[in-house]
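Subject: The structure I promised

Hi,

Here is the structure we talked about, so please open it alongside this email. My notes on what turned up follow below.

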Amino acid sequence: MEKQEIRTFGRRHGKKLSARQQDLITNLLPSLTPENGDILEIGFGAGEHVRELALNNPDKIIIGAEPFMNGVASLLSAITDEKTNRILDEYKNIRIWADDVRDFLRETDSKFEQIWVLHPDPWPKARHEKRRLLSAEFLNTLSKYLTDNGEIIIGTDHWEYFDWILEQIKTTSLSATIPDMKIIQTRYQHKNKAGTNNPKYLIIKH
Ligand SMILES: C[S@@+](CC[C@H](N)C(=O)[O-])C[C@H]1O[C@@H](n2cnc3c(N)ncnc32)[C@H](O)[C@@H]1O
C-alpha cells in the first residue's frame, strides 16, 4: 500500500464532544493504541459491534479502527465507568485505532481470526466509486492479515455495493460465501439509509 491513498471515509469530526468524552480521548485513548490482536473491526462507527465482540470473546484482543472521532468518543464513553473514567472489566480486551485502518495495517504483524466491516461507506455516486474501501486490491491486502482459517465478514444494506464487492472478489483468488446470519443492529443500520431494511452478509476466505 502506498501512502498517497484515496480517502475512503467522510468527516473526522462532528458535533462538539462533551467534557468527559474529550477527557477520555486525551487521557485514555493513547493507552488503548493497538499492537497485535485477534479480531479486527474496520469502521466501527459508534462501536456497538466492537463491544459485542469484546463480550463474546473475553480471551481475544479486539481491535476497532475508526477515524471519526465522535464515534471513537461514543465507544470510549460506553466502555468506561461514568465516575472514574476507568475501563469496565468486561471491555478490557478492546483496543482502538482512531484513524485510517490502512495506517494501522502498515504497522502491525497481526494475523486475525476475523476481520469485520459493517456498513462500509457505500459512496453511491459513480464519481466517488474509487473511494469504496472494499476494492479487490484492499480485500487482497486484508487477506494477508488473516490466519489460515481466518475470515473477512462484511455486512451492508446497500445491495448495489454488495454486488459490487462480489464483482471485486471475482478478480481475486479469494472465496466468498453468503451466510444467513443476524447480528446486533448498529447505529448506521438503524438509519436504514439504503431503504432496504435488510443487510446482506459475505464471508471471504483464502
Ligand atoms: C457508514 S459508517 C458505518 C459505521 C458502523 N460500522 C455502523 O454500522 O454503524 C462507515 C464507517 O467506516 C469508517 N471508515 C471509512 N474508511 C475507513 C478506513 N479507511 N479506516 C477505518 N474506518 C473507515 C467511516 O469513518 C465510518 O464511520
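This is a predicted model: local features need pLDDT of at least 70, side-chain atom pairs count only at pLDDT 80 or more; totals for chains, interfaces and linings use all residues.

As a reminder, strands of a sheet pair through backbone hydrogen bonds, either parallel or antiparallel.

You can walk across much of it pair by pair:

- β2 (residues 62-65) runs parallel to β3, joined by four bridges; Ile62 has Ile94 as its bridge partner in β3.
- β4 (residues 112-118) and β5 (residues 146-156) are also linked in the parallel sense, over six bridges.
- β5 and β7 run antiparallel and share five bridges.
- β6 and β7 pair in the antiparallel sense as well, over three bridges, with Ser175 opposite Lys205 in β7.

**What the strand faces look like**

In a regular strand the side chains alternate between the two faces of the sheet. With that in mind, have a look at β3, where both faces are covered. Ile94 and Ile96 are buried on one side, and Arg95 and Trp97 are buried on the other. Strand β7 (residues 200-205) has one covered face, made up of Lys200, Leu202 and Ile204.

Over in β6 you'll find Thr177. Is Thr177 buried or exposed? It counts as exposed, because it has 10 C-beta neighbours inside 10 Å, and the cut-off for exposed is 12 or fewer.

**The core**

In soluble globular proteins, nonpolar side chains tend to be buried together. The largest nonpolar core in this model has 44 residues, and Leu75 and Ile115 touch the most other members. If you skip the neighbours within four places in sequence, Ile115 is in contact with Leu40, Ile42, Leu142, Tyr145, Leu146 and Ile152.

**The helices**

Helix α2 (residues 48-56) has several buried residues: Glu48, His49, Val50, Arg51, Leu53 and Ala54. Those buried residues pack against β1 (39-42), β2, α3, β3, β4 and α7 (187-191).

Then there is the packing of α1 (residues 19-27) on α3 (residues 69-78), at an angle of about 95 degrees and with the axes 9 Å apart. That angle makes α1 roughly perpendicular to α3. On the α1 side the contact uses Arg20, Gln21, Leu24 and Ile25, which meet Met69, Val72, Ala73, Leu76 and Ser77 in α3. By type, the residues of this contact are six nonpolar, two polar and one charged.

Cheers

Note on methods. Residues are numbered from 1 along each chain as its sequence is written. Axes are lines fitted to C-alpha atoms, for helices over the stretch in contact, and angles run from 0 to 180 degrees between N-to-C directions. Helices (H or I, at least four residues) and strands (E, at least two) are DSSP runs, numbered from the N terminus. Angles under 35 degrees count as roughly parallel, over 145 as roughly antiparallel, 65 to 115 as roughly perpendicular and the rest as oblique. Two residues are in contact if their C-beta atoms, placed from the backbone, lie within 7 Å. Ala, Val, Leu, Ile, Met, Phe, Trp, Tyr, Cys and Pro count as nonpolar, Asp, Glu, Lys and Arg as charged, and the others, Gly among them, as polar. Two strands pair if DSSP finds at least two bridges between them. A nonpolar core is a set of buried Ala, Val, Leu, Ile, Met, Phe, Trp, Tyr and Cys residues joined through C-beta atoms within 7 Å. A residue is buried if 20 or more other C-beta atoms lie within 10 Å of its own, exposed if 12 or fewer, and partly exposed in between; C-beta atoms are placed from the backbone.
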